[in-house]
Amino acid sequence: MAIPVIKSYEFDWKLVAAAMLLSLFGLLLIFSAQYYSDDPGARDFYIKQMIWLVIALIAFAIVVNLPQRFYDFGAYIFYAVIVLLLITVLLVGAKTGVSRWFSIGPINFQPSEFAKVAVLLALARYFAYSKLPPESVKRLFFSFIIVAVPVALILKQPDLGTSLVFFVLLFSLWFFSGLSPLYLFLVISPLISLVAAFHWIAWVIYLTILLIILIFGRPGLLFSVLMTIINLAFGVMTPLVWNKLAEYQKMRILIFLDPGRDPHRAGYQIIQSIISIGSGGILGKGYLDGSQTRLEYLPVRHTDFVFSVLGEELGFVGGLVMLILFGFILIRGMRIAIKCRSMFMGMVSWGAVTIIFFQMLVNLGMTLGLMPVTGLPLPFVSYGGTSLVFFWVIIGLLVLADRRWQDY
């Protein structure tokens with residue numbers, strides 16, 4: 001049977017062009033970040049990224065040309081396969097000491113990146129075909145389980161940053177599938193209580209606000225009592241959760257609150273990143289002329305902190321251009337999600353936009369010292385093959401949804 005090939009007039013070129021410009025931005029920045037490196041291997045990172053971009057575009061073409069029902073019917077199968085891969089990578093990692101990647105020759109494959117796609121498809125299928133009302137406890141519970149299984153495996157790697165993406169995806173799809181803002185707040189309220197309980201005054205203020213919302217929101221007496229008890233329990237557990245965190249995770253939170261706490265070690269990265277971005281000014285120092293980059297003051301500048309290179313060399317204007325490209329993709333993706341007649345593809349599109357937006361927000365916040373360092377790469381831009389392929393797969397799903405928006 002011949003494989004249907006997408007026609008040019010059916011193609012959302014503007015969306016693809018925005019993603020391509022971001023990918024080219026990434027290549028230029030990776031080249032600049034390692035241009036003055038003493039390590040010949042590091043200077044070739046941009047070549048490896050170019051090879052990954054070719055692979056990503058092939059993956060994009062495959063995703064776009066497969067029928068919509070392929071993803072719909074295969075959603076739970078993809079999910080089962082990726083769970084098996086996450087288990088396998090843990091078992092292999094126990095022997096090799098590397099529990100996040102499969103190494104096949106020169107290629108490292110990170111299954112947790114594609115777990116995002118598998119969970120997105122599984123959640124979209126569940127929400128699209130569930131007959132339960134949005135606020136049903138059973139519906140919330142089963143969708144939570146879909147997310148919790150891969151998250152538990154990814155936390156074992158450990159990779160806290162990636163695991164956060166899954167919870168944000170679930171929260172966003174709860175909203176898109178009709179859960180009211182009141183219930184959304186109540187669902188995440190135990191987590192807020194967990195954070196607020198670090199200081200008893202903040203916790204008391206938060207609990208007071210919660211009680212006011214429960215009284216005026218009227219979700220039901222039994223439900224209100226249950227939520228109050230759960231919030232109190234989470235607050236009491238705060239010291240236990242803190243003690244369960246690894247030392248490097250505790251240090252990331254402490255350094256986020258006060259980078260000057262350890263300026264020569266744990267806080268060094270954030271301080272150098274802020275200096276790099278701030279020194280760029282309006283127009284930047286010029287391409288390949290960043291002193292922080294050239295003198296190698298900024299570690300991991302080609303991966304998670306690639307935006308710092310942009311800020312120093314291309315300044316505020318360069319950062320603004322990048323934000324406009326991201327903004328275009330986000331708005332375009334949201335429009336696709338809303339106009340899709342198929343609930344499944346609408347969910348997929350909304351979830352795809354959520355992942356791009358969340359990772360962009362966290363990465364930029366991290367480089368500006370506004371969020372803790374989580375290790376999430378900047379979509380399309382940061383060095384990393386699996387991440388680049390994943391985001392082009394996401395773009396492929398958006399283009400497919402736009403092309404077939406009238407299909408049920």
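## Salt bridges, cores and a surface patch

Aspartate 402 is buried, at a relative accessible area of 16%. The model described here is predicted. The side chain of aspartate 402 meets that of lysine 339 in a salt bridge, 2.8 Å from N to O. Lysine 339 belongs to helix α14 and aspartate 402 to helix α16 (residues 385-403), so this bridge ties together parts 63 residues apart in sequence. Lysine 339 itself counts as partly exposed, because its relative accessibility is 34%.

**Salt bridges**

How many salt bridges does a search of the whole structure find? The search finds five. Among them are these pairs:

| Pair | N to O distance |
|---|---|
| Aspartate 12 and arginine 332 | 3.0 Å |
| Arginine 125 and aspartate 72 | 2.4 Å |
| Lysine 339 and aspartate 402 | 2.8 Å |

Aspartate 12 forms its salt bridge with arginine 332. Aspartate 12 counts as buried because its relative accessibility is 4%, under the 20% limit. Arginine 332 has 25%, so it counts as partly exposed.

The side chains of arginine 125 and aspartate 72 also meet in a salt bridge. Here too the pair links distant parts of the chain: arginine 125 is in helix α5 and aspartate 72 in helix α4 (residues 68-96), 53 residues apart. Are these two residues buried or exposed? Both arginine 125 and aspartate 72 are buried.

**Nonpolar cores**

The largest nonpolar core has 94 residues. Leu123, Met322, Ile329, Leu378, Phe380, Trp392 and Ile395 touch the most other members. Apart from that core lies another, of nine residues, including Leu186, Ala196, Ala197 and Trp203. In soluble globular proteins, nonpolar side chains tend to be buried together.

Which residues does tryptophan 392 contact, leaving aside its neighbours within four places in sequence? They are Val16, Ala19, Met20, Ser23, Leu53, Ala56, Leu57, Phe60 and Phe380.

**Helix α7**

Helix α7 covers residues 160-176, 17 residues in total. From its first C-alpha to its last it reaches 25 Å, close to the 24 Å expected at 1.5 Å a residue. Its buried residues are Gly161, Thr162, Ser163, Val165, Phe166, Leu169, Leu170, Ser172, Leu173 and Trp174. What covers them? The cover includes α5 (111-129), α6 (137-155), α8 (181-196) and α15 (343-367). After α7 comes glycine 178, with a positive phi near 115°.

**The surface**

A nonpolar patch lies on the surface. Ile282, Leu283, Phe316, Val317, Leu320, Val321 and Ile324 form it, with about 680 Å² of accessible area together. Isoleucine 324 is in helix α14 (residues 306-339). Why does isoleucine 324 count as exposed? Its relative accessible area is 54%, and exposed means over 50%. An α-helix has 3.6 residues a turn, so residues three or four places apart point the same way.

Aspartate 39 lies in a loop, between α1 (13-33) and α2 (40-43). Aspartate 39 is partly exposed, with a relative accessible area of 44%. Aspartate 39 and proline 377 are 338 residues apart in sequence. In space, their C-alpha atoms are 22 Å apart.

Notes. Residues are numbered from 1 along each chain as its sequence is written. This is a predicted model: local features need pLDDT of at least 70, side-chain atom pairs count only at pLDDT 80 or more; totals for chains, interfaces and linings use all residues. Side-chain values use heavy atoms; hydrogens and water are left out. Patches are made of residues with over 30% relative accessible area and no salt bridge: like charges are joined within 9 Å, nonpolar side chains (Val, Leu, Ile, Met, Phe, Trp, Tyr) within 5 Å. Accessible areas come from the Shrake-Rupley method with a 1.4 Å probe; for residues, only the protein chains shown count as cover. A salt bridge is a side-chain nitrogen of Lys or Arg within 4 Å of a carboxyl oxygen of Asp or Glu. Helices (H or I, at least four residues) and strands (E, at least two) are DSSP runs, numbered from the N terminus. Buried means under 20% relative accessible area, exposed over 50%, partly exposed in between (1.4 Å probe, protein chains only). A nonpolar core is a set of buried Ala, Val, Leu, Ile, Met, Phe, Trp, Tyr and Cys residues joined through side-chain atoms within 4.5 Å. Contact means heavy atoms within 4.5 Å. The expected span of a helix is 1.5 Å times one less than its number of residues.
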